[in-house]
Structure formats: C-alpha cells, structure tokens
Amino acid sequence: MKKMTFKTILLAAMTGIVCICGCKKNNNPASPEAGIFIDHGFIPIAVGAGQNYSAFQTAFYSDNYIYVATSDGIWKNNLTTKEWSRAGLDGKKITAIYKHPMMANKFFAGAKSDNTATLKTMYISDDAGVTWKAGNNIIFDDFNKRYEDYVCFAVRPDHPQQIYANLGGGKSMAVSTDGGINWIRPNNETGSFFGYPCNIAFLPKNPDAIYQGAESPLDDAWLGKYDISNSDPAILNNFQKIVNMAVWDNRRPNELQTNLFTGNDIYVGQEGALSKVSESTNKFIFKSDGKNFPYSYIYAIWIDPTDTKHLLFGGAQNGGDDMNLYETSDEGKTIKRFTDKMGFTKPNIREIVNTNTYPAIIVNDDGTNKVKLYLYKSKN
C-alpha cells in the first residue's frame, strides 16, 4: 500500500493554536483531516516527565488544572491562562500522582527513593496540592534499607479509605485502610518481588477484584485479577491470568485505563499495541508488526466519553525519535497517525487525560528534557 502523507501546519501566534494533519496508514486509508492542537506551553524549567520517573500515572485533571509529575516536583497548568506553576514536592522525583475519585481535593503522590533510610516515598494532599504530608507508616524495604517506590495508586470502589498501590518491585503491592496514612503488604508478605514495575486498576463498578498488568517474570506479559477478601481488604485471593503470552506475545502492559462509561472494559497500552480486554476476551485496537506502524510503546490512552469508538493514544519508540500519536474514530478499523514532530527532537506522549473541554496531551521531549501540554480538538 502506498503511504499517504498530508501535512498542513497553521500557526496562530496570538492564540497558540496549531493545526496539524497527520497521515493515515492502515488497511482502510481515508483522507486525513486536520485536528487542532492548542498549545499551553512548556514547563518553565528543564524537567522530565514519565519513563524514568512516573512509569504510569504522570498527569491528571482537577478543577481547571492539569497536574503533572516531573523529575522536580509536581507542576500544574491553568487551562484558562495557560500558565504553569508549582504544585508541591519541589526537588523530588515524582513516581506517580493520583486524584482520589471520591474525595475532592485529595491527591496522592509517590517520590523516588534516594536509597537512604530516611527519605519518605509516599505523600498525601488534602487541599489540592497546596500542602503535602508524608504517610506515617509506609512500606520499608528491610533488605535494601530504604522506603519502597510507589509507582501507581487505585482506590477501591465504594471504599474511599481503602487505597491500593503498586510498588516498584514488580508484582509487589501495598494496601492502606485509613486513606493512605498507614500501609501494609497484602497477604502478610514480608518482601518485594523483582521485576518491571506493574500497574493496577479497578473496574469502577466492581469493588471485589483488583486488576494488575505486568511483565513478571521477565518476558512474561499478562493481565491478571485478584479477588479481595470480604473480611480483610489486605488479603488477595484466587489470582488468575485473564490474558497471557498466548494472546499478547511479550507485549508488556504500560497503561491500564478504566472508566464508568466503558463498563467492564479495560484498555491496555502495551509495547507495540493497544488492547481492549472484556472479561476474558482481548481485542487489539492497535497492533504493530513493525511494518504497518512504528513499534510504538503505548503509554497514554484517551477514550471519548461521548463515543467510545473514538480514541486518542500514543507513546514512544524504544530508540526511535518519531512522533507516536494516533487517533481512531472506529475503534481501530482505521487509524490516523500524526507524523509531525511539532518541533520536538524526541517526542514521548506520556499521558492523555480528559478535561472539561478537550483531552490534554502531555509530551515529554526526551531529547531536550522539556515537558509541554496541548489540548487537542479533534475533527472526528
């Protein structure tokens, strides 16, 4: 198939709006249409977001602000003024940020260990990031003599005080039953697993099971489910792999996305793929063989709340410097790839989150240590 490329760039200096046409590259090519990227500027200092810091939860939206985890604290962007400002934990490398889904202005953040026995690695804000306090009793690694990294968070539906976290050591998890102040390891475990960090998520209407996406042991990619004990939320039972290597090959899960409006579906960003998992069924919305598309590691997923067949997703390539941003309006039957690098040397799409208007795209320029925010208005 002949590759179709059509590029149009329209700069509006006064409004910061950029119109970009990508190219379509799929089994059912169609004429590409321009979307509008509304430029909200760079974080005003050299920082990184994602990849080496926040592997999963890099950004969220709250009350007209986008909050971003960076290598130097948390930053926020005012979506009205487009101005960046700090939002706490200055000087710390932030491993994850998370907004409590049931308690207004309650945020969680992980901070990367400096391998000393004193630096706390988990923080809570009850005032939308104005002030932060460390958890009193967080998970300590007795072998390495340091606090464990907290790499993602999930609140159990209908149980606002029960917070779950995945730790930096592979499958390792932690549980709090008092809103995040005190933590224990599930199932009376005494140490952490070795391996790549894993992601966790709940289905919003199912408080009885927690899902984990992992590559553990190495070269074994899967999505699994644990049942939560009725009598003790720190007891996880009946582990089962829902999707495994037979379906995914070795496509490590990088992102788990669930929403009220997507029901029992879990959207999984992977190495070279984007899957929708429904019960025990896996559908590849995007799948690269290295020829039809670049082998994009998908870190960011946005599903349109008004039409779940419309998705925006992206990430980066291992060693590549192309733009890896995609859009589909028919759940993967046709896929538009945006090819313009928009001035970045090595663009990495780290997160795409819903706002009160358009989805917000966090781009980390891996080549220059800069972070930028766009709002994207689709033509679909």
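Author: Pro217 is found in the loop that runs between strand E19 (209-215) and strand E20 (221-228). In this predicted model, the peptide bond leading from Ser216 into Pro217 is cis, with omega near -5°.

The loop between E19 and E20 also holds Asp220. The side chain of Asp220 meets that of Lys241 in a salt bridge, at 3.0 Å from N to O. This pair links distant parts of the chain, since Lys241 belongs to strand E21 (residues 236-243) and the two partners are 21 residues apart. Asp220 has a relative accessible area of 17% and is therefore buried, the limit being under 20%. Lys241, at 37% relative accessibility, counts as partly exposed.

Leu218 takes part in a nonpolar surface patch of about 360 Å², together with Phe194 and Tyr196. Phe194 comes from another loop, the one between strand E17 (173-176) and strand E18 (199-201). Its relative accessible area is 73%, and because exposed means over 50%, Phe194 is classed as exposed. The loop between E17 and E18 also contains Asn187. Asn187 is not a glycine, yet its phi is positive, at about 60°. With 31% relative accessibility, Asn187 counts as partly exposed.

A positive phi occurs at Asn64 as well, where the angle is near 75° in a residue other than glycine. The largest nonpolar core has 18 residues, of which Ile66, Val68, Ile362, Val371 and Leu373 touch the most other members. At least two residues of this core are supplied by each of strand E4 (35-42), strand E5 (59-62), strand E6 (65-70), strand E31 (360-365) and strand E32 (370-377). E32 gives the most, with 3 residues.

Aromatic rings form a further theme. The structure has 26 aromatic pairs. One of them joins Phe60 and Tyr67 in a stacked arrangement, with 5.1 Å from centre to centre and 25° between the planes. Phe60 is buried, at a relative accessible area of 9%, and Tyr67 is buried at 4%. Ring pairs also link Phe37, Phe42, Phe338, Phe344, Tyr374 and Tyr376 into a cluster. The ring of Phe42 has the charged end of Lys370 over it, 5.4 Å from the ring centre.

The bridge of Asp220 and Lys241 can finally be set beside others, for the structure holds 16 salt bridges. Among them is that of Lys336 with Glu327, whose closest N and O atoms are 3.2 Å apart; both Lys336 and Glu327 are buried. Another joins the side chains of Asp90 and Arg86, at 3.6 Å from N to O. Asp90 is partly exposed, with a relative accessible area of 46%, and Arg86 is partly exposed as well, at 31%. Salt bridges also link Asp265, Lys276, Lys283 and Glu331 in a network.

Technical notes:
Residues are numbered from 1 along each chain as its sequence is written. This is a predicted model: local features need pLDDT of at least 70, side-chain atom pairs count only at pLDDT 80 or more; totals for chains, interfaces and linings use all residues. Side-chain values use heavy atoms; hydrogens and water are left out. Patches are made of residues with over 30% relative accessible area and no salt bridge: like charges are joined within 9 Å, nonpolar side chains (Val, Leu, Ile, Met, Phe, Trp, Tyr) within 5 Å. Accessible areas come from the Shrake-Rupley method with a 1.4 Å probe; for residues, only the protein chains shown count as cover. A salt bridge is a side-chain nitrogen of Lys or Arg within 4 Å of a carboxyl oxygen of Asp or Glu. Helices (H or I, at least four residues) and strands (E, at least two) are DSSP runs, numbered from the N terminus. Buried means under 20% relative accessible area, exposed over 50%, partly exposed in between (1.4 Å probe, protein chains only). Rings of Phe, Tyr and Trp (its six-membered ring) pair if their centres lie within 6.5 Å; planes under 30 degrees apart count as stacked, over 60 as edge-to-face and the rest as tilted. A charge sits over a ring if NZ of Lys or CZ of Arg is within 6 Å of the ring centre and within 35 degrees of the ring normal. A nonpolar core is a set of buried Ala, Val, Leu, Ile, Met, Phe, Trp, Tyr and Cys residues joined through side-chain atoms within 4.5 Å.
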